[in-house]
Amino acid sequence: MTLALGLVTAPLVLQVSDRLVVKKYANRSSYQSHDPLANKSLLVLAGNGTACISYSGLAYIDRIPTDQVLARVIHGNSVTAPDGRLAIAFGAPIPRLGTVISRLLEFIRRDFTALPKFERRNQLNILVCGYTWRRRITTARPPRPFALRISHNGNQSNAVRVDALPRYWLWDRTSTTGSVGAEWDAEKVRLLERLSDSTPRNQDDCETLLVNAIRSVADRNNTVGKDCMSLLITRQQEVRIRFLSDPDAGEECAAYTPWLIGPGIVMPPQVLYGGLPHVQSGPYMITFERIPEILPGNIIGSSSQRRLSPP
């Protein structure tokens, strides 16, 4: 289980998800943590837009972490080095958003539904939020925000379900939320009330509302974690990745990143320490942050995040 929340507005698109993978005890009535820092997010920088992607449900497919499988599906090629390790790859082709969505749908229809029943019963739900760029961007024709949820309940007789915002949803509302994963009805009511009041809010304020909602669910649901990954993209093509560590946990000097797939680069989840770099991918500049802040050190380094095997 997990909880991923998306906030889609005209000026910004924000997606926040927890990072906890759990396994069931033998009696199937309770859970225990398996990988508290598992990655569940991907950032796709396409030639015609941007997309934040998170999933909930089945955490491993063919004994490979689901986010890694989704990265391979989106990229269209292997995301591993010849020796089997995950490594940053350069010179990657520029993806297109339509192709990304089509590949995800085809993967669920063809591959997810072919899995054994005991795996399919965990379901697979994918939240995609972002912008599509118009061929000619002007004040009257800005980038168009979008959001869709792709889901399958694991029953082979059922089709993939796709819930998408209407094309012109901004005509009658200023923002919308989306989610996959754990139930959060009470938190959603509070979130919508805060978003609808007249209090001015910047992107950090909006992020705090989503993070607090996830952590509130985590207080009563042990299948949701408090470490969060935040993906922010703006109408001005600003791209920011933030790792927000569990405030109840001990201090840690590292920051974490999601998958990054963009023009000329495929970057698997990284562990960053000693300082946080910027990454240039085509026209996009991606910044990395950590909350609480990571203190700069004499040595800046990174390594691919260690992936745990299935429980």
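Asparagine 48 sits in the loop that joins strands β5 and β6. The model is a predicted one. With a relative accessibility of 18%, asparagine 48 counts as buried, because the cut-off for buried is under 20%.

**Around asparagine 48**
- Leaving aside residues up to four places away in sequence, asparagine 48 touches Arg96, Leu97, Tyr131, Thr132 and Trp133.
- Glycine 275 is 227 residues from asparagine 48 along the chain, and the C-alpha atoms of these two residues are separated by 31 Å.

**The open sheet**
- An open sheet of 8 strands runs in the order β9-β18-β17-β5-β6-β10-β11-β12, and its pairing is mixed.
- Its edge strands, β9 (89–90) and β12 (161–164), each pair on one side only.
- Within this sheet, strand β5 (residues 41–46) pairs with strand β17 (residues 259–262) in the parallel sense, over 3 bridges.
- Leucine 42 stands opposite tryptophan 259, a residue of β17.

**The helices**
- Helix α1 (residues 66–75) is largely enclosed by the rest of the structure, because 9 of its 10 residues are buried.
- The buried residues of α1 are Thr66, Asp67, Gln68, Val69, Leu70, Ala71, Val73, Ile74 and His75.

**The aromatic pairs**
- The structure holds 2 aromatic pairs.
- One of them is stacked: tyrosine 131 and tryptophan 133 lie 5.9 Å apart from centre to centre, with 10° between the planes.
- Tyrosine 131 counts as buried because its relative accessibility is 0%.
- Tryptophan 133 has a relative accessible area of 13%, so this residue is buried too.
- Phenylalanine 243 and tyrosine 256 form an edge-to-face pair, at 5.1 Å centre to centre and 65° between the planes.
- This pair links distant parts of the chain, with phenylalanine 243 in strand β15 (residues 239–244) and tyrosine 256 in strand β16 (residues 255–256), 13 residues apart.
- Phenylalanine 243 and tyrosine 256 are both buried.

Methods: Residues are numbered from 1 along each chain as its sequence is written. This is a predicted model: local features need pLDDT of at least 70, side-chain atom pairs count only at pLDDT 80 or more; totals for chains, interfaces and linings use all residues. Side-chain values use heavy atoms; hydrogens and water are left out. Rings of Phe, Tyr and Trp (its six-membered ring) pair if their centres lie within 6.5 Å; planes under 30 degrees apart count as stacked, over 60 as edge-to-face and the rest as tilted. Buried means under 20% relative accessible area, exposed over 50%, partly exposed in between (1.4 Å probe, protein chains only). Helices (H or I, at least four residues) and strands (E, at least two) are DSSP runs, numbered from the N terminus. Two strands pair if DSSP finds at least two bridges between them. Contact means heavy atoms within 4.5 Å.
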